[in-house]
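Take a walk through this model, one pair of side chains at a time. Begin with charge, then move to the nonpolar parts.

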Amino acid sequence: MEEITDGKIDIDRYRVKEGAKVNLKKCPTGCDVEIDKARVKSLYFPETIEKMKDLQEKLYAQNTYGLIIVLQAMDAAGKDGTVNHVFSNLDPGGVKVVSFKQPTTEEKDHDYMWRINKALPGRGDIGIFNRSQYEDVIVTRIHDLIDKGQLPKDLIDENIWEERYEQINNWEKYLHQNGFRMIKIFLHVSKEEQQKRLMDRIVNQQKNWKFSLSDINERQYWDQYQRLYEEMIARTSKDISPWYIVPADNKWYTRYVVARITLKALKDINPQFPKLAPEVAEQLERFKKLISTVDLKSLEEIQGAISAKK
């Protein structure tokens, strides 16, 4: 097990390389490095958040790139907690969180990407997708919803899922070519840990509100979900929009890794504060000199001094 002493985890250990096969049984569900939990919570995680905040401010000010973060997982893997603990620390004006639940009647009347396109962030913003376009190659497939939907029957054949992988890959490439970067994170929880968390929702009164019978019912499809997630991640992890399989059994570690992945994505964009227009920069320098030569303490005094000089 690798020992981490300065908090800088090599997050590429969780990245799925383009074209690689995926076997979730071989991927860790718990913290797989030697790192001090207390230091992560008190030092490394807060430091990472501060760096994220600095880059988010530049991303917003530059207003050219956008960042999309996809979170996918089995039930009780910690998607909501990750959103709350990692991204609630950022400026809410530049973060848009969207949770994709069961499609509405209106959404079913459109193509499956329609609601996803509606939720895309603008330039300068960070979009968090709690579930995503990938529901339509996972849940839809598990429960045979494609046959029960409104897609014309002559368009449904044995190639439908490969076609959807292709469509999603092309769409993500299109977004990348238009300045919208995407990183995709699969929170990998073990079946045993999921059971503990679902049981906790039943016996812990403060967590009763999280309980849903559907979460328990879905456990019977565990093996099918694992197999389809393996296939989906392998088919759609690209250099321009990679998947990360992040251990999810230890919440403190999961949130730290997600923060490090996000920080890396922001660093890769490398946003910068925009340069001022020449005339604005000239005015700013005049104001700085005015303030340094005259003891002016308010905008009204500055305005009065400027008017007196005219």
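Asp54 forms a salt bridge with Lys58, with the closest N and O atoms 3.7 Å apart. A salt bridge here is a side-chain nitrogen of Lys or Arg within 4 Å of a carboxyl oxygen of Asp or Glu. Asp54 and Lys58 sit four residues apart in helix H1 (residues 37–62), so about one helical turn separates them. Helices (H or I, at least four residues) and strands (E, at least two) are DSSP runs, numbered from the N terminus. An α-helix has 3.6 residues a turn, so residues three or four places apart point the same way. Asp54 is partly exposed, at 35% relative accessible area, whereas Lys58 is buried, at 19%. Buried means under 20% relative accessible area, exposed over 50%, and partly exposed in between (1.4 Å probe, protein chains only).

A word on the source. This is a predicted model, in which local features need pLDDT of at least 70 and side-chain atom pairs count only at pLDDT 80 or more, while totals for chains, interfaces and linings use all residues. Residues are numbered from 1 along each chain as its sequence is written, and side-chain values use heavy atoms, with hydrogens and water left out.

The structure holds twelve salt bridges. One of them joins Glu2 and Arg13, whose closest N and O atoms are 2.6 Å apart. That pair links distant parts of the chain: Glu2 is in strand S1 (residues 2–3), and Arg13 is in the loop between S1 and strand S2 (15–16), eleven residues apart. Glu2 is partly exposed, at 38% relative accessible area. Arg13 is partly exposed too, at 34%. A network of salt bridges links Glu2, Arg13 and Asp32. Elsewhere, Arg131 pairs with Glu135 in a salt bridge, the closest N and O atoms being 3.5 Å apart. Arg131 and Glu135 are both buried.

Arg255 lies in helix H11 (residues 251–269). Not counting residues up to four places away in sequence, Arg255 touches Phe45, Gly81, Thr82, His85 and Val86. Contact means heavy atoms within 4.5 Å.

Helix H2 (residues 79–86) comes next. Its buried residues are Lys79, Gly81, Thr82, Val83 and Val86. Their cover includes H1, H11 and strand S4 (66–73).

Now the nonpolar interior. In soluble globular proteins, nonpolar side chains tend to be buried together. The largest nonpolar core has 79 residues, of which Ile35, Met52, Ile126, Ile185 and Met232 touch the most other members. H11 gives the most to this core, with eleven residues. A nonpolar core is a set of buried Ala, Val, Leu, Ile, Met, Phe, Trp, Tyr and Cys residues joined through side-chain atoms within 4.5 Å. Leaving aside neighbours within four places in sequence, Ile35 is in contact with residues including Ile4, Tyr44 and Trp252.

Met199, Ile202, Val203, Leu213 and Ile216 make a nonpolar patch of about 460 Å². Helix H8 (191–203) gives the most to the patch, with three residues. Ile216 lies in helix H9 and is partly exposed, at 34% relative accessibility. Such patches are made of residues with over 30% relative accessible area and no salt bridge, with nonpolar side chains (Val, Leu, Ile, Met, Phe, Trp, Tyr) joined within 5 Å and like charges within 9 Å. Accessible areas come from the Shrake-Rupley method with a 1.4 Å probe; for residues, only the protein chains shown count as cover.
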